[in-house]
Amino acid sequence: GFASMATELTINGQATVVPANWKIKFQDLSKVSGDDSLITVAPQITSDTHIGNYAVTLTKPGDEVVYKFKVANAGDLDAELSSYTMATPTITGTGATADADAAIVRDNLVYTLTYNDASKTAIQVGDELNAGDYVELVLTVGYDAEADELPTDSVTISNMDITFVYRQS
């Protein structure tokens, strides 16, 4: 006779998924410099991820309003800036010299967003934001102090939209 042989193998287990907290947000928005009379509408953080419309009125060379704010990683996951867009402002003149006035403003507009460090470092795709950290940014809207001409009539500057998209790093 032949003996019968058998072996039974069993794997038992379980897994649990506990989601990490993903939270990138704006915070601590404040004016750094600029005459309050230049501010038509002050910016506000309207949700964790949106700074609301703001408006300034520039009347002469050197007029400038500077705001600072933080982009904070209040989550548990490290993040990386995957895209960053700063729209080209739309500049619209009024009156008989609308096109010439718009060109003057376009040539003299100061519109920048940088890190708030000594060298005003440019923001770059790929910049990292570790969990629990923040970066402080500076937004400047102004009229070049070295400008030697002003528009004849009012000029509207719109489409000053900035978008950040972060992804897990």
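Analyst: Sorted by residue type, the lining of the largest pocket has 28 nonpolar, 11 polar and 5 charged residues. Here Ala, Val, Leu, Ile, Met, Phe, Trp, Tyr, Cys and Pro count as nonpolar, Asp, Glu, Lys and Arg as charged, and the others, Gly among them, as polar. Bear in mind that this is a predicted model: local features need pLDDT of at least 70, side-chain atom pairs need pLDDT 80 or more, and totals for chains, interfaces and linings use all residues. Numbering starts from 1 along each chain as its sequence is written, and side-chain values use heavy atoms, leaving out hydrogens and water.

The lining comes to 44 residues, with Tyr 54, Ala 55, Tyr 111, Val 141 and Met 160 nearest the centre of the pocket. The space inside is about 1000 Å³. A pocket is an open set of points on a 1 Å grid over the protein atoms alone, where a 1.4 Å probe fits, with protein on both sides within 12 Å along at least five of seven lines; lining residues have an atom within 4 Å of a point. Points are joined across faces, edges and corners, and the volume is what probe spheres set on them fill.

Which strand gives the largest share of the lining? That's strand 13, with 5 residues. Among the others supplying at least two residues each are strand 1 (24–33), strand 6 (64–73), strand 9 (109–115) and strand 11 (134–143). Strands (E, at least two residues) and helices (H or I, at least four) are DSSP runs, numbered from the N terminus.

Those four turn up in an open antiparallel sheet with the order 1-6-11-9, where strands pair if DSSP finds at least two bridges between them. Strand 1 and strand 9 are its edges, each pairing on one side only. Strand 1 is joined to strand 6 by 7 bridges, and Ile 24 sits opposite Asn 73 there. Helix 1 (98–108) lies across strand 9 and strand 11, at about 30 degrees to strand 9; axes are lines fitted to C-alpha atoms, for helices over the stretch in contact, with angles from 0 to 180 degrees between N-to-C directions.

Contact means heavy atoms within 4.5 Å.

Zooming out, the protein has 1 helix and 13 strands. Its C-alpha atoms fill a box of roughly 110 × 30 × 30 Å along the principal axes.
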